[in-house]
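Let's walk through this structure together, one piece at a time.

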Amino acid sequence: MTTPHPAKLRLATPDDALPLAALARRAISAKFEHLYAPEDFAAFMEEAHADEVTARQIVDPGMRVAVIEDDGQLVAFCKLVLDSTLPREYSHPQRPLELKQLYTDPDRIGGGLGRQLMDWAIATARASGADEIQLTVYSGNPEAQRFYHRFGFEKIADIEFWVGNHCDPEFLYACKL
């Protein structure tokens, strides 16, 4: 009798680009695709989650990408931008880090993978000398908002997020470190 291998968090490698991009598209589609016109959603997915985009992010020295692998399959991921691209005027950090994406396979939500990734993100932010983690969350996603609140994030501003030609109301969240 063999013991199953536990899910393992590790940094993404270039070999992860295609399965990571596929996981991102699957997770994002399951949660949000119904909100948008097909052409808007397709444009957004091509811009943000194409295979080539993911491949570039994995090797970008200004990013850290972590994945959780279980039984040879990627089941969750988190992308960090070491120098946040989000607005700084709402909290005035000196060295903000951006949590760009944190997603779990739709069939694995609620199993602690998000917590594992968030713990990694906070530890990575602290190790990099960041004084704040910033992220955006869709205003109509109370589950994600509750998740981030559990880790000390607070809403600091209302902002916009564009999906193709569709503008979404988003919240800018921050967590001081």
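Helix 5 itself covers residues 142-150, and its buried residues are Ala144, Gln145, Phe147 and Tyr148. (Buried means under 20% relative accessible area, exposed means over 50%, and partly exposed lies in between, using a 1.4 Å probe and protein chains only.) These four cover an arc of only 160° around the axis, so they are on the same side of helix 5; the arc is that of the directions from the helix axis to the C-beta atoms. Here is a handy rule: an α-helix has 3.6 residues a turn, so residues three or four places apart point the same way.

What do the buried residues of helix 5 pack against? Their partners are strand 4 (96-104), helix 4 (113-127), strand 5 (132-138) and strand 7 (166-176).

A word on where all this comes from. This is a predicted model, in which local features need pLDDT of at least 70 and side-chain atom pairs count only at pLDDT 80 or more, while totals for chains, interfaces and linings use all residues. Residues are numbered from 1 along each chain as its sequence is written, and side-chain values use heavy atoms, with hydrogens and water left out.

Now step back to the whole chain. It has five helices and seven strands, which follow the pattern β-α-α-α-β-β-β-α-β-α-β-β along the sequence. Helices (H or I, at least four residues) and strands (E, at least two) are DSSP runs, numbered from the N terminus. The radius of gyration is 16 Å, close to the 16 Å that the globule rule gives for 177 residues, so the chain is as compact as a globular protein of that length. That radius is taken over C-alpha atoms, and the rule is 2.2 Å times the number of residues to the power 0.38. Of the 177 residues, 46% count as buried.

Next, find Asp16, in the loop between strand 1 (8-11) and helix 1 (17-32). Is Asp16 buried or exposed? Asp16 counts as buried, because its relative accessibility is 7%. Leaving aside neighbours within four places in sequence, Asp16 is in contact (heavy atoms within 4.5 Å) with Arg10, Leu11, Ile58, Val67 and Leu74.

Finally, look at Arg56 in helix 3 (residues 51-59). Arg56 counts as exposed, because its relative accessibility is 54%. The C-alpha atoms of Arg56 and Pro14 are separated by 8.7 Å, although these residues are 42 apart along the chain.
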